[in-house]
Amino acid sequence: MAKTLAAIKGVGAYVPTNVLTNADLEKIVDTTDEWITTRTGIKQRHILNEKGKATSDLGVEAVKILLEQTGLKPDDIDLLICGTVTADMVFPDTANTILDKLGTNKGFGFDINAACSGFLFALNVGAKFIETNTYKNVVVVGADMMSSIVDYTDRTTCVIFGDGAGAVLLQADTDGYGILDSELRGDGSGRQFLHMKAGGSLKPASCETVEAKEHFVYQEGKSVFKAAVNGMITSINEVLNRNNLSPNDIRWVVPHQANMRIINSVADGMKIPIDQVMVNIQNYGNTTSGTLPLCLFDYRDQLKKGDLIVLTAFGGGFTWGSTLIKWAY
Ligand code: UT7
């Protein structure tokens, strides 16, 4: 019997309408458009600034577009997995909130917290439920409202991040299309370089933690930069070697959008022309779990059935990995 693969059968994405440009940031912190552009490649990011709205609302809009595109109804979703580090609340999860806001309680959901690798890890977990013929329709969301955990007085982080979400539908395929292989990795010792200091069980929220600004992203950029380039290149190579493929066989590399210099270094390291690398960082900045599906959505008209693509990500944890996909439509 032909092997069942988990294939992406649709992509949706959403960013809030409100835009924060580099010129806007020049008025808030000691920075310049020139610095941000040359050091990161980012020109603008989208910020959710509506009171009462949260990460789930970004996810809901992305899933609505996905459902429209695939002709499914909310009740058709068996399982929804949401990669996020900015859950609406510490608990419950955001995935079930998304399902509720879509008006269904027929399936179930849960979140995956793997920082910027959140979508990639969630995609691979979701794939297992398809490959084992457990469920028919699995929706994987990557959604983050980074503006809720970014300190807009810290120029080293506030210029990088933005808000956004993307969603894909996974269904079974027995013709060889779908997720072919993945290399997923973690190294918890990297947590010192990228984390939020307070608000967890280690250091619960208090007046002191708020005063010390410990509820924001803390990042040692240079250490993360080097580990990100290395992690993405080695995991792509691992997946390609295992499948007897060379970079020439790959139509698209879909990298996490954290810094244009990281993306360029990965392309150079892989000897893959930059025009075969999906890039939209200039429009959104780093949306954490949102970057990969946002790329797939923006490049949807250029993806062709049979294309071999590699998704690659690196994030806090550290977490990283690469997934090889034969595009299904
Ligand atoms: O997605 C999760 C994983 N995250 C990443 O992959 C991010 C990885 N890291 C990076 O992207 C980069 O390290 C950053 C964009 C965060 C920083 O770029 P960098 O080239 O590593 O800059 P740096 O931290 O070495 O800082 C260089 C200089 C410093 O000034 P001095 O000490 O040389 O006088 C900074 O204070 O640039 C200064 N600087 C800024 N200047 C203007 C830092 N941020 C800014 C800013 N505007 N926004």
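Student: Which residues of helix 11 are the buried ones?

Tutor: In this predicted model, the buried residues of helix 11 are Thr291, Leu292, Pro293, Leu294, Cys295, Leu296 and Phe297.

Student: What makes helix 11 "mostly covered"?

Tutor: Count its residues: seven of the eight in helix 11 are buried. A residue is called buried when its relative accessible area is under 20%.

Student: Where is Lys213, and what is its phi?

Tutor: Lys213 lies in the loop between helix 7 (207-211) and strand 10 (217-219). Its phi is near 55 degrees, again a positive value in a residue other than glycine.

Student: Why is Lys213 called partly exposed?

Tutor: Lys213 has a relative accessibility of 42%. Partly exposed covers the range between under 20% for buried and over 50% for exposed, so Lys213 counts as partly exposed.

Student: What about Lys43: where is it, and why does it get its label?

Tutor: Lys43 is in the loop between helix 2 and strand 3 (44-46). At 38% relative accessibility, it falls between the two cut-offs, so Lys43 counts as partly exposed. As for distances, Lys43 and Gly83 are 40 residues apart in sequence, and their C-alpha atoms are 25 Å apart in space.

Student: Strand 3 also holds His46. Is His46 buried or exposed?

Tutor: His46 has a relative accessibility of 10%. That is under 20%, so His46 counts as buried.

Student: How do you know that His46 makes a polar contact with Pro16?

Tutor: A polar atom of the His46 side chain lies 2.6 Å from the backbone oxygen of Pro16.

Student: Let's turn to the ligand. Which residues come nearest to it?

Tutor: Of the 23 residues around the ligand, Thr31, Lys222, Asn259, Arg261 and Asn286 come nearest.

Student: What kinds of residue make up the shell around the ligand?

Tutor: The shell has ten nonpolar, eight polar and five charged residues. At least three residues come from each of domain 1 (5-176) and domain 2 (180-326).

Student: Which helix supplies the largest share of the shell?

Tutor: Helix 8 does, with four residues. Helix 2 (33-40), helix 6 (155-158), helix 8 (221-242) and helix 9 (260-270) each supply at least two.

Student: How do you know that the span of helix 8 is close to what is expected?

Tutor: Helix 8 has 22 residues, and at 1.5 Å a residue the expected span is 32 Å. From first C-alpha to last, helix 8 reaches 31 Å, close to that value. Its buried residues include Val224, Phe225, Ala228 and Leu240.

Student: What is the omega of a cis peptide bond in this model?

Tutor: For the cis bond joining Phe91 and Pro92, omega is about 0 degrees. Pro92 is in the loop between strand 4 (79-83) and helix 4 (95-101). The bond from Gly317 to Phe318 is also cis, with omega near -10 degrees. Phe318 lies in the loop between strand 12 (308-315) and strand 13 (319-326). Most peptide bonds are trans.

Note on methods: Residues numbered from 1 in each chain as written. Predicted model: local features only at pLDDT ≥ 70, side-chain atom pairs only at ≥ 80, totals over all residues. Heavy atoms only, no water. Near = heavy atom within 4 Å. Nonpolar A, V, L, I, M, F, W, Y, C, P; charged D, E, K, R; others polar. Domains from an automatic or database assignment. Expected span 1.5 Å × (residues − 1). Buried < 20%, exposed > 50% of the residue type's maximum accessible area, 1.4 Å probe, protein only. Polar contact = N/O pair within 3.5 Å; in protein donor to acceptor, adjacent residues only side chain to side chain.
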